[in-house]
Amino acid sequence: MKNAKLWIIVAAVIFIAAIVWCVIIITKPPGEIVTISQDGETLYTLDLSEESDRTITVEYEGRENVIEIKDGRIHMLEADCPDHTCINTGWLEDLPIVCLPNKLVIEFADESGADAVAR
Amino acid sequence: MGRFFVSQAVLLCLAALLTSCGQSEDNQTVDTVSEEENSTSMFAMNTYVTVTAYGNDTEAALSSAEEKIRSLESLWSVTDENSEIYAVNHSGGNPVEVSDETAQLLDFSLQMNERTNGAFDISLYPVLTAWGFTTEEYRVPDDDEITQLLERTGVEKISLDGQTVHVPDDMQIDLGAIGKGYAGDLVAEDLKQNGVKSALIDLGGNIQTVGTKPGGESWSIGIRNPFGEGNFGVLEIGECAVVTSGGYERYFVEDGNTYWHILDPETGKPAQSGIISVLVIGAEGRLCDALSTSLFVMGLDRAANLWRNSDDFEMIIVTSDGGIYITEGIEDDFTLSKNFSQPEVSVIRR
């Protein structure tokens, strides 16, 4: 009988842990995981909900891009390309932030909202 | 025996609970239908391309699509010395034999020039270069320079006989305003031939779909807000192409003036038609691509007239003063974003 009680307690603990785990997965807002990749190679995978404010500098053939994370959002702060399309894209939302000259892409890993953006 | 049974049963239930929870997480990424999602991304045709296919065993179809895009890029690149367009532009005025795909695209470009009364023009490359839009070394050419350059343009001076192209010596062509759209058509066709029933092709914001989303749902396409960040609305679509042209895409500012890359073939200067962005939706990517640029040049009234005389496209136009105009065919498929300040949408009717 002692053994049965022990099993029930163990089961209860695992059960509660499982419920807590499920709640965390279900309530976690989508679209927080961001990848930064260059020419097809993933350089960073970041969880914006856990990142503290900071900047990341990425180099490509001697040119630099500075990416800023602030208040759980991410954008291109500086880029030494002539057109600055990536900076003008603003904070990351539905459409990926792309720096063509430096082949750099910042995008959400799990797509949220629209399937694509016409732009 | 009994205790053993209880413990086993409890553990089994927990295992089932844990597994089901894990599964629900997986399903979130592929909607409620268990269709596999595969995608490939690359830098090609001067933009960032992503092809996403749904269904089982789509890897081979995706690599075929990737190859297709690479091969079209190598045919139509204006800077690649081995491309057919480079050969045409450096022919010294002699006829050049091109591939079937290039000939078809050139033929379509000439037809679109006629259909838009000259607003769609593939011969503006020398003028675009003078403004620096091809090299990103931006400058404002003076009126004399533009007048001289415009003499080196004119689609009527180009002739196409089967697969033989003739472009006069001092002229240069560029398929930048139509190539991505045609590539979308050819890639969609290629995916279908390889058995793909559901796919989304994103050529730097030129969207082309194959079928519907798995389960028959429509695709929802966000539309870029021309005045700032984010989207101004969402369009629900089936199998079709969606192409946008906007003043925000490529531009530079000098002495407080904004100069964008969409040039009016008549003036050789950035088109000032009162339009800030045009979205065109239709069955063919090539048509949508060519029209998005030319409707931007034509302005709202001429664009509406062209639409009234056509049955192969619908459009959404945003004017510089914040007006949104949508043709009646897609009225019910469009939802204005709540955070877009302009609440009024005008419907253009036949």
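W260(B) and F296(B) are both buried, buried meaning under 20% relative accessible area, exposed over 50% and partly exposed in between (1.4 Å probe, protein chains only). This is a predicted model, in which local features need pLDDT of at least 70 and side-chain atom pairs count only at pLDDT 80 or more, while totals for chains, interfaces and linings use all residues. Side-chain values use heavy atoms, without hydrogens and water, residues are numbered from 1 along each chain as its sequence is written, and chains are lettered from A and ligands numbered from 1 in the order in which they are written.

**Aromatic rings**

- Over all chains, the structure holds 10 aromatic pairs; rings of Phe, Tyr and Trp (its six-membered ring) pair if their centres lie within 6.5 Å, and planes under 30 degrees apart count as stacked, over 60 as edge-to-face and the rest as tilted.
- F252(B) and Y259(B) are stacked, because their ring centres are 5.2 Å apart and their planes lie at 25°; both residues are buried.
- The rings of W260(B) and F296(B) have centres 5.6 Å apart and planes at 85°, so this pair is edge-to-face.
- W260(B) belongs to strand 12 (residues 257-260) of chain B and F296(B) to helix 8 (residues 285-298) of chain B, so the pair links distant parts of the chain, 36 residues apart; helices (H or I, at least four residues) and strands (E, at least two) are DSSP runs, numbered from the N terminus.
- One aromatic cluster is formed by W131(B), F133(B), Y138(B), F252(B) and Y259(B).

**Charged side chains**

- The structure holds 12 salt bridges over all chains, each a side-chain nitrogen of Lys or Arg within 4 Å of a carboxyl oxygen of Asp or Glu.
- In one of them, D312(B) meets R115(B), with the closest N and O atoms 2.8 Å apart.
- D312(B) lies in the loop between helix 9 (300-308) and strand 14 (313-319) of chain B and R115(B) in helix 4 (residues 100-115) of chain B, so the pair ties together parts 197 residues apart in sequence.
- A network of salt bridges links E328(B), E331(B) and R349(B).
- The charged end of R350(B) sits over the ring of W307(B), 4.1 Å from its centre; this requires NZ of Lys or CZ of Arg within 6 Å of the ring centre and within 35 degrees of the ring normal.

**Confidence**

- Chain B has a mean pLDDT of 89, and 89% of its residues reach 70 or more; pLDDT is the predictor's confidence in each residue, from 0 to 100.
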